[in-house]
Amino acid sequence: MSQTKDEDLIQEVHLTDGQINSLKNKSIIVDSCVLLYCEGQVFKSEIRKILRTLVNNKNRLGISLVSGFEVLSNSEIKFRKYFVKLLNYFKNIDVNRDILSNGVVLYRSYGRININYLKSISPCDFIIGGTAIYLKDAVLFTGDRRHFPSPIWDIVATVYITYKSFEEYRILNLYLLQPNIKIINKLANEK
Amino acid sequence: MDNTICFDELKFKEEKLPPTNIDQIVKILDDKNFGVKGGKALEKIIERIKTDESDKG
């Protein structure tokens, strides 16, 4: 197998800001996957721009402690010291009984969409989602739309990072999502 | 504090997060030793992204 050159992987990156400037004065819960993308320098520099824009617009950033667990257990060992420092500059939100309750309600509402689909979702995602619900008017920043789907999560803004890899253009979608409380309650309480 | 878990309703708290020290976050992200430029490690990250993308429901 031939060795892959760096330049073969990612050659160009364009950041397209989709309504991100419209977000102001929000609490933003940053999902684990967004932090893990920072292991790639090319994504790291784009995510840095997004975080800067969000904070310049007076948004405030936090993470669930569960994300701390996910990041530290999934990242490369050599980068753990950076992640520990990074995680601690976000407000760490403890997992309390109200957040766990929200996670359970969320789990039930997902189950109404497709019971089989539940098997592919980590319990951590329900706790992270439960945290975004718990902090009123909070927004979840994630790259994982499958685990935070419509109609339970509404898109507030989308950011596209276009990159070129193996001569092919690809897109990394990042989303700012808000829980649809009405729908969650309706689905979770359906008999 | 009530010592029971209620599974039937969503719970909310009116709380704003404290201001974020973005300069410190940017400083860590700007560290040249943090993150891979390319090679197999980056390929792994791209694979993970591709999995997320293809997983979309």
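This is a predicted model: local features need pLDDT of at least 70, side-chain atom pairs count only at pLDDT 80 or more; totals for chains, interfaces and linings use all residues.
Let's start in the sheet of chain A: A:F141 has A:L176 in β7(A) as its bridge partner. That bridge belongs to an antiparallel pairing of strand β5 (residues 139-142) with strand β7 (residues 168-179) of chain A, over three bridges. Strands count as paired here if DSSP finds at least two bridges between them. β7(A) also pairs with strand β6 (residues 153-165) of chain A, again antiparallel, over 12 bridges.

Residues are numbered from 1 along each chain as its sequence is written, and chains are lettered from A and ligands numbered from 1 in the order in which they are written.

Now chain A as a whole. It has eight helices and seven strands; these are DSSP runs, helices being H or I with at least four residues and strands E with at least two, numbered from the N terminus. The C-alpha trace spans about 55 × 35 × 35 Å along its principal axes.

Which residues of helix α4 (residues 65-74) of chain A are buried? They are A:V66, A:S67, A:G68, A:E70 and A:V71. These pack against α2 (32-37), β3 (60-64), α5 (80-88), β4 (91-93) and α7 (123-134) of chain A. Contact means C-beta atoms, placed from the backbone, within 7 Å.

On to the partner chain. The contact takes 48 residues from chain A and 39 from chain B. On the chain B side, α1 and α2 (39-54) are the elements giving two or more residues, and α2(B) gives the most, with eight.

Finally, one helix pair. The axes of α3 (residues 41-56) of chain A and α1 (residues 22-30) of chain B come within 10 Å and cross at roughly 175°, which makes them roughly antiparallel. Axes are lines fitted to C-alpha atoms, for helices over the stretch in contact, with angles from 0 to 180 degrees between N-to-C directions; over 145 counts as roughly antiparallel, under 35 as roughly parallel, 65 to 115 as roughly perpendicular and the rest as oblique. Here A:K44, A:R48, A:L51, A:R52 and A:V55 meet B:I22, B:I25, B:V26 and B:L29.

Note on methods: A residue is buried if 20 or more other C-beta atoms lie within 10 Å of its own, exposed if 12 or fewer, and partly exposed in between; C-beta atoms are placed from the backbone. Two residues are in contact if their C-beta atoms, placed from the backbone, lie within 7 Å.
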